[in-house]
Amino acid sequence: MFSRRSVELKSVSELQVMQRAGEVLSAALDAAVEAAAPGVTTAEVDAVFAQVLAERGATSNFLGYHGFPATICASVNDEVVHGIPGERVLAAGDVLKIDGGAVVDGWHSDSARTVVLGSSEAGTADPEDERLSEITRQAMWVGIAAFAMARHVGEVGDAIDDFVSSRPGAPLGILEEYVGHGIGSEMHMAPDVFNYRTGHRGPRVRPGMALAIEPMLVRGDITTRTLEDEWTVVTEDGGRASQWEHTVCRHAGGLWVLSAPDGGAAELARHGVVPVPPGQ
Ligand code: MG
Ligand code: MG
């Protein structure tokens, strides 16, 4: 079940370049989230994201990846991941997943956010969609906090699974066909980072390890299929999905969230984790 491929361990200076890539990516996602609004197309959100990368001298690891035609994946509602930006016009109540990446000097970052357009308070969004996104977001931080202390990578999925399955209210499903991954000199590398309890410890955590931690949760059944465009993954039952993702590293001094400007300090405080930048 676990890949035998060796895990790339980064030097401090390499992690610091990944940190620069992550900071550009964070700014690009900020702009994309700001641009995402009713009446805007997903292609326009992609253009805003691409412009920030260009302005900051970064390149996209999504554009051209196995022929992918854009700098973000824009997946709406029952589309879980890998949606292709285009002429689809966003509407209030939509659940938009923006997943993007940036490369600086050959080092990769990968991060995703969910935006629920409108708000349940205003009657323009489903409160259950807001709950789905918030639990997915919190699950990501629970997974990151677990990685801060983990001896083995499998502890990330154990923590996410325990967190999600203990939420009160309607149960949410954790996707199993799509998982997180190692990242560094390429976007997708060993090891797989499962978001559920597999019963396997997984590889040992070592300084220099960088992971993309990205829980994907659905309101219904976890079965998915790929559309005829050969990219867009949708839930079979039409249930809505959320994805949140950060690129995170462990180094000799601790843990740092490479795709968050504060290294994750604000969110990790409630988990008792104080992030430390690589090199300190
Ligand atoms: Mg991603
Ligand atoms: Mg990823």
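1. Buried here means under 20% relative accessible area, exposed over 50%, and partly exposed in between (1.4 Å probe, protein chains only). This is a predicted model: local features need pLDDT of at least 70, side-chain atom pairs count only at pLDDT 80 or more, and totals for chains, interfaces and linings use all residues. Side-chain values use heavy atoms, with hydrogens and water left out.

2. Helix α4 is mostly covered, with nine of its 12 residues buried. These are G154, V156, G157, D158, A159, I160, D161, F163 and V164. The cover includes α3 (127–149), β5 (173–174), β7 (189–193), β8 and β9.

3. Now the metal site. D110 (OD), H181 (NE2), E214 (OE) and E245 (OE) coordinate the magnesium ion (ligand 2) at 2.1 to 2.2 Å. Donors are N, O and S atoms within 2.8 Å of the metal (3.2 Å for Na, K and Ca); water is not among the atoms, so the site may look incomplete. Along the chain the donor spacing reads D-x70-H-x32-E-x30-E.

4. E214 sits in the loop between β8 (210–213) and β9 (216–218), and E245 in the loop between β12 (241–243) and β13 (246–251), so the pair ties together parts 31 residues apart in sequence. E214 counts as buried at 6% relative accessibility. E245 is buried too, at 0%.

5. D110 bridges the magnesium ion (ligand 2) and the magnesium ion (ligand 1). The two ions lie 3.2 Å apart.

Definitions and conventions
Residues numbered from 1 in each chain as written. Chains lettered and ligands numbered in written order. Helix = DSSP H or I, 4+ residues; strand = E, 2+ residues; numbered from the N terminus. Contact = heavy atoms within 4.5 Å.
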